[in-house]
Amino acid sequence: MRSRNAQITIAIVCLILGVMLAIQFKTQKTINESLKTGRVEELSQSLIEVTKQRDALYEEVQELRDKLQNIRQVDQAMADLQDEIMKANMAAGLVPVSGPGIILTLNDSNRTLQSGENPNYGIVHDYDILTLVNELRASGAEAIAVNGERLTAVSEIRCAGTLILVNWVRIAPPYEIKAIGDPEMLASGLNLRGGHLETIKILGVQTNLQKVDKLELPAFSGAMKFTHAQPVILKNEAE
Amino acid sequence: MWLVVIFCLLIGLFIGFQIPVSFPVLYAKYMSIAILAALDSVFGGIRAYMEDGFDSTIFATGFVVNALLAAGLAYLGDSLGVDLYLAAVLVFGVRLFQNLAIIRRYLMKKY
């Protein structure tokens, strides 16, 4: 049955097969040139994954930027707070301070007492120191120490027998009051006519007022305890 | 006969390479299965021709239907998630080798 018909059919089929083969060769060639079919899925998978990772990282970047912004703000706030704390500490006398000021030395009278003279007059009393300290404060003293005891918001100056207590520490004459502030202002404040310093000078107390360019006051050495006082935080301040 | 086959194949290849037709990459797999089926048909046809049992109609329809069926089966397998094209490859591959073996024997007998 080797007819011409069969040959023609085979010829046509072979022709078609050839065309198909050629097209397939070309297609396969382009596939091999660009991507292998097997890798397409893999790559698309990794593309999806990488895209997800990129999105996650982008979010992370945003988050970190926000955090950085916050931290900057917080840093600013922290710096402000530190500043405030330092100021408060200085005001409370919890840090040593230095600066220009005056040194006022007081000592009991070295005069021999006349008969009938009240010996109390020539002695430096607690209220003398208290009044002078008050005077210094009024003259703009920013920090005051008596015999190395820094005066704080809770410091007391009171008589204890023959001695004076400051910060619950007994101090004895000569009393040395150191005050930091404008030396001129402090000195003139103390030397006011009719002031306490003049009065005790007249009474016989030995006084010596010195202006100094640089003075160093120690910090309050005791502990500040608040057992009864509670801070009242205002609501609008807390916010 | 052999001359016709080889000659037509070469002409087909030439035409295929010349015409600017390319298959989409996505369907290249089905095309390759179809080509495998077509190759099987052609070898089967040659074998039948040598056995003097050649039928143009069977050959032509076998060629077309086998190719389409193989491609469709592969597509179905892909849609179902079963690698059905492997079955097509196996079946057509086995038949291809059988046909080739038979053709070889005939040729050896002949010459």
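This is a predicted model: local features need pLDDT of at least 70, side-chain atom pairs count only at pLDDT 80 or more; totals for chains, interfaces and linings use all residues.
Before you click: residues count from 1 along each chain as written, chains are lettered from A in written order, and side-chain values use heavy atoms, without hydrogens or water. Local features need pLDDT of at least 70, side-chain atom pairs count only at pLDDT 80 or more, and totals for chains, interfaces and linings use all residues.

Select residues 56-80 of chain B, helix H3 (helices are DSSP runs of H or I, at least four residues, numbered from the N terminus). Its 25 residues should span 36 Å at 1.5 Å a residue, and the end C-alpha atoms sit 35 Å apart, which agrees. The expected span here is 1.5 Å times one less than the number of residues.

Go to the N-terminal end, where Asp55(B) is the cap: one of its side-chain oxygens is 2.9 Å from the backbone nitrogen of Thr57(B). Just past H3(B), find Gly81(B), with a positive phi of about 85 degrees.

Now colour the buried residues of H3(B), among them Phe59(B), Phe63(B), Asn66(B), Ala70(B) and Gly77(B) (buried means under 20% relative accessible area, 1.4 Å probe, protein chains only).

The axes of H2(B) and H3(B) come within 8 Å and cross at roughly 150 degrees. That makes the pair roughly antiparallel (over 145 degrees; under 35 is roughly parallel).

**Stop three: bring in H4.** Show residues 28-50 (H2) and 84-110 (H4) of chain B: they pack at about 25 degrees, axes 9 Å apart. H2(B) and H4(B) are therefore roughly parallel. Their contact residues divide into 17 nonpolar, three polar and four charged.

Notes:
Axes are lines fitted to C-alpha atoms, for helices over the stretch in contact, and angles run from 0 to 180 degrees between N-to-C directions. Helices (H or I, at least four residues) and strands (E, at least two) are DSSP runs, numbered from the N terminus. Angles under 35 degrees count as roughly parallel, over 145 as roughly antiparallel, 65 to 115 as roughly perpendicular and the rest as oblique. Ala, Val, Leu, Ile, Met, Phe, Trp, Tyr, Cys and Pro count as nonpolar, Asp, Glu, Lys and Arg as charged, and the others, Gly among them, as polar. Buried means under 20% relative accessible area, exposed over 50%, partly exposed in between (1.4 Å probe, protein chains only). A polar contact is a pair of N or O atoms within 3.5 Å; within protein, one must be able to donate a hydrogen and the other to accept it, and residues adjacent in sequence count only if both atoms are side-chain atoms.
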